[in-house]
Amino acid sequence: MTDPLIRWREYAGTAVLLDGFHALKHALRFGAAVPVAVTTDRRAVLALAEELASDVRGVLDTLLAEVSEEAYVSLVPRPHPTGVAALAVRPSREANLRSLARTPRTAPVLVLDNPRNLGNTGAVIRLAAGFGATGVVTTGTLDPWHPTVVRGGAGLHFATAVERLAVDELPVGPLFALDPEGEDIRGTKLPDNAVLAFGSERSGLSAELRARAGRLLRLPMRPQVSSYNLATSVAMTLYHWSASGGAPAS
Ligand SMILES: C[S@@+](CC[C@H](N)C(=O)[O-])C[C@H]1O[C@@H](n2cnc3c(N)ncnc32)[C@H](O)[C@@H]1O
C-alpha cells in the first residue's frame, strides 16, 4: 500500500476534506470515492464504527491508516475530536448539473441566494440530505464545498447535488421564494418539482431572484420579529413540503 502521507498529498489539492468520524461515515454511506483516510488511533476509530456505524466498519478497516500525532496535525489544521480525517473525490460539476436537471423531479431543489455564513450553508445541506432534496444550489461567491461547509454538513454533500450557479442558470421548475413579506406558506402545497429560494443572511433575496420568482411565501412569524435564521427557514419550508406527502419514508 502507498504511504498514506504521499497519497494524502497526491489528492489534497483537488479533494474534499472529511474532518471527523461522522463526515467520513456519511460520505462512505452515500457513495463518495475516498482514496485515503488517516487517524492517530485505528483501534479507537474502529471501535466507534462498531458502536455507531457497523455498516461502514468493514470499509474503514481496509481504508484507515494510522499516522503519528505530528503527521496528523500537519495534514488537518483543526483536528476533530474523533481524530479521523479523510479525503474524498469531489463530484464533477457535470454530474451535479445532470442530477439537478433530471426530470420528472421527486423532491425540490433548494437555492441559497448569495449565502454568507459557511455554517448555515452546511446546515442547509444536512437538511437537504435528510429530506431527500434533489440538490442545493448557491448563487454568489461562497464555495458550497468549502471545508467549513462540508464540516457543517457532516459529510452529507454526497447525499445530494451541491453546486454553485448563476441566477439565470437555476434548474427548471416553479420558483417559490421565501420572504417575510410573501403570502402565508400554509395556504400553498409545494410541488415535488419546486425550486425553493432563500435570501442572504445580510440582505435577503436579491432583486434578480425576486424578479424570477413565481410566488413569494412567508413563514408564520409574530409581528416585531424581523426574520428567522436562514437554515431554520429552510427546515420549516422542507417540513411544510414533506407534511403534504413529498418526503421519503423514514
Ligand atoms: C436571515 S433572513 C434575511 C434577513 C435579511 N436581513 C432581510 O432583509 O431579509 C434569511 C432568509 O431566510 C428566509 N426567511 C427568514 N424569515 C422568514 C420568514 N418569516 N418567512 C419567509 N422567509 C423567511 C428568507 O428567505 C430570508 O431572505
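Shell around the ligand

Reply: The residues of this shell comprise eight nonpolar, six polar and three charged; here Ala, Val, Leu, Ile, Met, Phe, Trp, Tyr, Cys and Pro count as nonpolar, Asp, Glu, Lys and Arg as charged, and the others, Gly among them, as polar. The model is predicted, with local features needing pLDDT of at least 70 and side-chain atom pairs counting only at pLDDT 80 or more, while totals for chains, interfaces and linings use all residues. Residues are numbered from 1 along each chain as its sequence is written.

There are 17 residues around the ligand, and Leu178, Gly199, Gly204, Ser227 and Ser233 come nearest (a residue is near if its C-beta atom, placed from the backbone, lies within 6 Å). Two or more residues of the shell come from each of β8 (175-184) and α10 (230-243), where helices (H or I, at least four residues) and strands (E, at least two) are DSSP runs numbered from the N terminus. The most come from β8, with three residues.

Helix α10 also packs on α7 (residues 118-131): their axes come within 9 Å and cross at roughly 15°. Axes are lines fitted to C-alpha atoms, for helices over the stretch in contact, with angles from 0 to 180 degrees between N-to-C directions. The pair α7 and α10 is therefore roughly parallel (angles under 35 degrees). On the α7 side, Asn120, Ala123, Val124, Leu127 and Phe131 meet Leu230, Ala231, Val234, Ala235, Leu238 and Ser242 of α10, contact being C-beta atoms, placed from the backbone, within 7 Å. This contact has nine nonpolar, two polar and no charged residues.

Notes:
Angles under 35 degrees count as roughly parallel, over 145 as roughly antiparallel, 65 to 115 as roughly perpendicular and the rest as oblique. Two residues are in contact if their C-beta atoms, placed from the backbone, lie within 7 Å.
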